[in-house]
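Subject: Structure handover and notes

Dear colleague,

I am passing on the structure we spoke about, with the sequence alongside it. Please open it first, and then read the notes that follow.

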Amino acid sequence: MEVSVIGKSQAKIAGADFGNRELGFFNSKVDRKIFGSKSKICFMRNSRCERSRIRLSTKAVQMEPVQPQNLNVGRRSKSLEGVKLYVGLPLDAVSTCNAINHSRAIAAGLKALKLLGVEGVELPVWWGIAEKETMGKYEWSGYLALAEMVQNAGLKLHVSLCFHASNQPRVPLPEWVSKIGESEPSIYFTDRYMQQYKDCISLSVDNLPVLNGKTPIQVYHEFCESFKSSFSNLLGSTISGISMSLGPDGELRYPSQRQLKSHRVGEFQCYDKNMLSLLKQHAEASGNPLYGLGGPHDAPSYDEMPNSNSFFKEHGGSWESHYGDFFLSWYSSELIAHGDRLLSLASSVFGNTEATIHGKVPLMHFWYKTRSHPSELTAGFYNTANRDGYNAVAEMFARNSSKMILPGMDLSDQHHPQELLSSPESLIAQIKSASKKHGVMLSGQNSSDSGPHGCFDRIKKNLDGENVELFTYQRMGAYFFSPEHFPSFAEFVRSVHQLELHSDDLPADEEEEDDVTEMPCPSPVPEARMQAA
């Protein structure tokens, strides 16, 4: 096992000169006072990635810790008291060649968030970057440099360990894993059309030695141990929490939806040879060997409506049959067992640190108002009009002393087409109730594709509850700091914290030009879809 960590004095972060101020482009009077009138935060992708190893350190980062501001703190809303606010860093904050992307903009953004009163930031740590080329050879230098930037800014850091791939921006699985997958495609989730989902490894091989003689659980464990060793001086101090990737996009679910923003029912993912083997064994043990031949034959395909076939039929559908109950119980239990293994692993590695352990569940809210809840069923949650599928999930989180990340806190029923029979509000309420019943604390997130208009009021309503203690807003980038968005976010932070800035504590209006060397800002691009928690 090899761990590569570059010392502080050995290299530079490309272009990381923080002598110039890079904050701003806001319109409100208060924001101009906080950030200055002639400054910018620009996020640009670094297109130069040397083929040779890039050696990084943080010596070039000249940042002074932001001193506590003299703020008049008003009375907090009792229901939101104690809720900590975090902001997600860009998904590509560390490049595939272990360089810090957008380093100047991130440093400036960290200062802005600290001044605003945000508690900390969330950082995705990608398996495909840190263990990119060879199993057991880790490269943490870029992540260490970025973690030290966060520490110097006086912020907390929540780390998401991402054992999945990302499409926007593209971060693949480790090269050595992909090579194994080329010769052994059964390590991936597979649908009934024998199409593999190659952005994470199937839960069916958790305990099979498919990765050069080791099981995925063993590989994940060694990855976590290396991370713990390399970041030991930050765990429990700067690093306040760790999220464990549990599946596609980091969520505890099957990859039932293969297309972005799909509103259909999805497909069951039980057709790789190892899943079929588990299904066969379970069917034979239950005395129904014919049930183990495959998944439901009468379920719709990806892009079809629930009533296009008989399995999810509202009344008399196969999901209510003896076979349907057998299959859905097995399918969901395999998912919960997978989550149990990974959260147990994380607890065993990080349990003796002060960092809290988190896992993310999805918000499969489409078709929630039907009796069968098909989008939830194909994703692995046996939740129907007749059955609460989240009690067992919350119990599993409680058993591992883990906190649950719940996305979609900004979503409301009225903003979804009625024909989709969606109810994010009802589903959030159900998950919150199950979590409260089992004593599981919640961490909220917003969806990645919603605009700011009205969403902050919905977030505050969903944060109301004694078992919600943290909210992470996704995610920092060009749009986040734009004049169309940031003033609304700043007002949201102030409304949660009930902060009032005294005029004596703010810099005076400056009409003169700041001494700034501005980087060219690219045209706005769509924000990356949130894939790690």
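Asp249 lies in the loop between β11 (239–244) and α7, where helices (H or I, at least four residues) and strands (E, at least two) are DSSP runs numbered from the N terminus. Asp249 is buried, with a relative accessible area of 7%; here buried means under 20% relative accessible area, exposed over 50%, and partly exposed in between, with a 1.4 Å probe and protein chains only. Its phi is near 55 degrees, a positive value in a residue other than glycine.

Before going further, please note that this is a predicted model, in which local features need pLDDT of at least 70 and side-chain atom pairs count only at pLDDT 80 or more, while totals for chains, interfaces and linings use all residues. Residues are numbered from 1 along each chain as its sequence is written, and side-chain values use heavy atoms, with hydrogens and water left out.

A cis peptide bond joins Gln168 and Pro169, with omega about -5 degrees, and Pro169 sits in the loop between β7 (166–167) and β8 (170–171). Another cis bond, with omega about -10 degrees, joins Gln474 and Arg475, the latter being found in the loop between β15 (468–473) and α13 (486–497). For context, most residues other than glycine have a negative phi, and most peptide bonds are trans.

As to the chain as a whole, there are 13 helices and 16 strands, and 57% of the 533 residues count as buried. Among contacts (heavy atoms within 4.5 Å) between residues at least 6 apart in sequence, 79% join residues at least 24 apart.

One such region is around Asp298, in the loop between α7 (273–285) and α8, which is buried at 9% relative accessibility. Its side chain makes polar contacts with the side chains of Ser310, at 2.8 Å, and Ser318, at 2.4 Å; a polar contact is a pair of N or O atoms within 3.5 Å, where within protein one must be able to donate a hydrogen and the other to accept it, and residues adjacent in sequence count only if both atoms are side-chain atoms. Leaving aside neighbours within four places in sequence, Asp298 is in contact with Asn309, Ser310, Phe311 and Ser318.

Leu85, in strand β3 (residues 84–88), is buried as well, with a relative accessible area of 3%. Leu85 and Thr472 are 387 residues apart in sequence, yet 5.9 Å apart in space, C-alpha to C-alpha. With neighbours within four places left aside, the contacts of Leu85 include Val118, Phe471, Phe492 and His497.

Finally, Thr353 lies in the loop between α8 (322–350) and β12 (356–360) and is buried, with a relative accessible area of 18%. A polar atom of its side chain lies 3.3 Å from the backbone nitrogen of Ala355, and, beyond neighbours within four places in sequence, Thr353 is in contact with Lys228 and Leu235.
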